[in-house]
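I opened this one to see what a few spots look like up close. My notes follow, in the order I went through them.

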Amino acid sequence: MNGPLVPFRQLVLKVHSRCDLACDHCYVYEHQDQSWRNRPKVMSQETVAWTAARLAEHAKTHQLDEVRVVLHGGEPLLAGPERLRQVARTLRDAVSGVCDLDLRIHTNGVLLDEAFCRVFADEGVLVGVSVDGYAEAHDRHRRFASGRGSYQHVVRAIDLLRTAPYRHLYAGLLCTIDLANDPVAVYEALLALDPPRIEFLLPHATWDTPPARPAGHYHAYADWLLAIFGRWQAGGRPVPVRLFDSVISTTLGGASLTEAAGLEPSDLVVVETDGTYEQADSLKTAFDGAPVTGFDVARHDLDLVAGHPGIAARQRGLDGLCATCRACPVVTSCGGGLYAHRYRSGNGFANPSAYCQDLMKLITGIRQAIRPEGASARPQAGGQAPRHRHEIPAADLAELTSGFGGGEAIKHLQRAQRSVRRALVAAVHGTAAGLAPAATLEAAGVKGGWDLLTGIDATHPQAVDAVLAHPYVRVWAARCLERLQGGQAAQVTQPRPLAADLGHLAGIAMAAAIRAGQPARLPVPLRDGFAYLPSLGRFAVQGSEPAATVIVESHQAPAGAFTVAAADRTWTVTPAAAPPGGDGRPDRVGPAEVVSPADGRSRWQPVRQLSAPGLSVILEDADPFRDCYHRPALPRLDAEQAGRWERQFALAWDLIQRQHSAYAPGLAAGLTAIMPLAAADAGREVSATARHAFGAVAAALPADHAHLALLLIHEFQHVKLGAVMDMFDLFDPADQRLYRVAWRADPRPLEGVLQGTYAHLAVTDFWRVHRHAAEGPAARSAHSQFARWRAATADAIETLADCGSLTPMGRTLVDGMRTSIAPWLSEPVPAGADGRP
Ligand code: SF4
Ligand code: SF4
């Protein structure tokens, strides 16, 4: 046993082991543990008396102020009102003078009538009722053995509880989630029953019997709950919702309010109808006999039970979690989820929750949403519990919402992105570890990569951050997660292609080791004949099999040096320039590196940089995960093509600094990569951004540097707003309507309108300024462009303002854009430039 004994404060008393319903999602009868078959139907008075005595003794020993007892089943009302009165009195009498008793009953409500209610009123028993939402939702599972639904019965019972004599007994509603049910309709139906509290329960699942979810929808439960959260939040949180309140509480540094999430030690024990102590009821879902302790009330006191290894395991907080959860940025709110949901045959409970991705998204979603209160922001990841929350000072936020954003504002977005990336990489490892055997992960390079990355992170976190800041690391992580959650374990156990994607973690870790100048050695898988070291470059190993690996080894001296060994050959790459730093910006000057023997010079393809005074970005034309723009990426550029980019980039940056200086500090702080795209037909300009690739802009090289300047300003608006959206909810996701905007022939979803408007505000500003510097036909064209985009953007701002689906932060953004454009609307343009005669 580890640590001091944690006393029990909650006891679940199984007063009746059978039920009058036959719910198909019932964990008592339908899951792995079938021990109910051999138990007495009703708990004997002797067992109740023993339990009451044990509880009183325990409360006295540990000087507890209060204990909670929940009368449970099966269906506890089957015990009958008088038997329940006797149970309640026995418990109260036993603890009288020792501590207070919070006595409750959880029922399906079918039998609840005046006789029961009178007993509960007399004995002070609060009543919680299970109901899954509206009639169809509830009756989907909660049926009698005949197949008939129980919704009408439960509503009648709740109506009775809501009447004056019993209203004070009404403790709340427990709702088991089913994705087939409309979440907001479920919430509204529950709300209509006027409950004092709502508790949403994830259906019990383990890694062996994963949660039912649509293929590829790896956070469907989070989306379901967040839809309710959005409505709950917008409605002023009209009723306590335990899971949401718990996440909010833990985000603010408070305690967890539910065993299903958080790091609080479990203080709950179950007593079955035969008097045996059991661990949490939910463990019935793991395997037959999982909750067993081997103790019973007649022979063993509660202190002995508290020392049981299974109970103690749920009391160890952070120390009781697997390494993935311990390193998770949301662990203080999640705590690895419900203990039972971590189970996987083979390694037991040393896993993240089978609902890991749902919990991650739910918690980050709630944290984003409550931030406008000044309460929260994304937590910092750092290989351990969060240390602080991200916030954007009001002045910087105002800059961003007005369509601009200087260096400081962008740095706030970068810090939040850092946490997102770290969380995603941890989730890739955690999810893979939960799905695949350790040997498979080892073979794929995942285990070695993770171990090395976390080791480097402990001593050189800046080097890890510098690699993770590479825009396509997050793309990689998101893609892996999508595939991991969309498929089953088989996907991981097949050598390709998912295992190959996961193996990229080894290259990420080695890149961090090289940046840190730390000696390390790992096999790095080859992709299409290249070993990739994100943010540094790639090494070609011709003639190797596609699935082969090379051994990459980093060295302490000279810092930044590494070797690549394939078959019987080894090459050494030594930086000739300053050793790599760790400030998150691309800082290696690849071509200056020395490769020996000399034949390795053509094999090592370092990431190149586009440099201009005050700004250097990488020219990312090789990373295997850069194909995230739904447009063809160009293969690695030759020297002449790269030179053209370099020249035009320098001119564009010069133009931005001279003419569009409001955008220069933000770009200087946040633009880190340009990814060359294939040109479109007929010289049409092509550019793009991707939500996961923060800091990167993809583009075909435009005809001239002015267009490149415009394109960088335009696309970086999308980069900024994407990062803002990672921190704040701007609109109600339930709004599925499409809206017309002037710059697209097809109507756009709300997020697209927001993104387009934010980008075209800057486009308008670009032409507004540029028209005064241009001459002749170019000036006329610039005036027309200004007039055109100003009108289109102003229209779109009003469309957004009128949509009725913006959050307070969304309204702040739209108001900010409206304030920015207002003075431009009265700026004169030459006759005909605005399209009017
Ligand atoms: S009412 Fe509860 S105990 Fe009864 S079958 Fe349904 S889920 Fe199981
Ligand atoms: S890794 Fe997953 S299960 Fe573990 S604490 Fe984080 S979100 Fe929860």
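I began with Val-125: beyond its neighbours within four places in sequence, I found it in contact with Ala-88, Leu-103, Arg-104, Ile-105, Phe-120 and Leu-169. I'm working from a predicted model here. Val-125 belongs to strand 4, which covers residues 125-130. Buried or exposed? I got a relative accessible area of 1% for Val-125; the cut-off for buried is under 20%, so Val-125 counts as buried. I also checked Pro-196, 71 residues away along the chain: its C-alpha and that of Val-125 are separated by 15 Å.

I traced eight strands in an open sheet, ordered 16-15-14-13-10-11-12-17, with antiparallel pairing. Strand 16 (594-596) and strand 17 (604-606) are the edges, each pairing on one side only. On average, neighbouring strands here are turned by 25° against each other, direction ignored.

I zoomed in on strand 10 (residues 520-527) and strand 11 (residues 530-533): they run antiparallel and are joined by two bridges. Leu-526 sits opposite Ala-531 of strand 11. Helix 22 (residues 504-516) packs on this sheet and touches strand 10, strand 11, strand 13 (549-554) and strand 14 (562-566). Its direction makes about 135° with that of strand 10.

Last stop, ligand 2. What surrounds ligand 2? I listed Cys-325, Cys-328, Val-330, Val-331, Cys-334, Gly-336, Pro-352, Ser-353, Cys-356 and Met-360. Helix 12 (331-334) and helix 13 (356-370) are the elements giving two or more residues to that shell. By type, I have eight nonpolar residues, two polar and no charged around ligand 2.

How values were computed. Residues are numbered from 1 along each chain as its sequence is written. Chains are lettered from A and ligands numbered from 1 in the order in which they are written. This is a predicted model: local features need pLDDT of at least 70, side-chain atom pairs count only at pLDDT 80 or more; totals for chains, interfaces and linings use all residues. Side-chain values use heavy atoms; hydrogens and water are left out. A residue is near a molecule or strand if one of its heavy atoms lies within 4 Å of it. Helices (H or I, at least four residues) and strands (E, at least two) are DSSP runs, numbered from the N terminus. Ala, Val, Leu, Ile, Met, Phe, Trp, Tyr, Cys and Pro count as nonpolar, Asp, Glu, Lys and Arg as charged, and the others, Gly among them, as polar. Buried means under 20% relative accessible area, exposed over 50%, partly exposed in between (1.4 Å probe, protein chains only). Contact means heavy atoms within 4.5 Å. Two strands pair if DSSP finds at least two bridges between them. Axes are lines fitted to C-alpha atoms, for helices over the stretch in contact, and angles run from 0 to 180 degrees between N-to-C directions.
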